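Student: I would like to learn how to read a few features of a model. Please take them one at a time.

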Amino acid sequence: MPRRDSLRLMTTDHIVALLIAERDRLSRAIEVLQGPTKRRGRPPKNALTAVTAIVDSPVPVKKKRTFTAAQRKEQAARMKKYWAAKKKAK
């Protein structure tokens, strides 16, 4: 937090933004200590990992896996071979 003498030089908007950021940090800390009010969905495998993920990063980012056209073609050939073997085994 900035020193008192530097607060005089800041604009009101900047001070309000700092206060809102501090409030959000405190709210997250309180939520972590108390636990969320109502959690929906499947519980995480490791509760500690879930808590640190909430504090560290508000929005997790997943990398989307994409195949090239050649990879899709190879995968299709592998699956056709797999299902032909399954059908032949019956």
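Student: Is Met79 buried, partly exposed or exposed, and at what relative accessibility?

Tutor: Buried means under 20% relative accessible area, exposed over 50%, and partly exposed in between (1.4 Å probe, protein chains only). Met79 has 34% relative accessibility, so Met79 counts as partly exposed. This is a predicted model, where local features need pLDDT of at least 70, side-chain atom pairs count only at pLDDT 80 or more, and totals for chains, interfaces and linings use all residues. Residues are numbered from 1 along each chain as its sequence is written, and side-chain values use heavy atoms, with hydrogens and water left out.

Student: Where is confidence lowest, and where is it highest?

Tutor: Where pLDDT is low, the predicted coordinates should not be read in detail. The score is the predictor's confidence in each residue, from 0 to 100. Helices here are DSSP runs (H or I, at least four residues), numbered from the N terminus. Helix α1 (residues 4–7) has the lowest mean, 58, and helix α4 (residues 69–89) the highest, 95. Met79 lies in α4. For the chain, the mean pLDDT is 79, with 69% of residues at 70 or more.

Student: How is the aromatic pair described?

Tutor: A pair of aromatic rings is described by the distance of the centres and the angle of the planes. Rings of Phe, Tyr and Trp (its six-membered ring) pair if their centres lie within 6.5 Å; planes under 30 degrees apart count as stacked, over 60 as edge-to-face and the rest as tilted. One aromatic pair is present in the structure. The ring centres of Tyr82 and Trp83 are 5.0 Å apart and the planes stand at 80 degrees, so this pair is edge-to-face. Tyr82 is partly exposed, at 41% relative accessible area.

Methods: Helix = DSSP H or I, 4+ residues; strand = E, 2+ residues; numbered from the N terminus.
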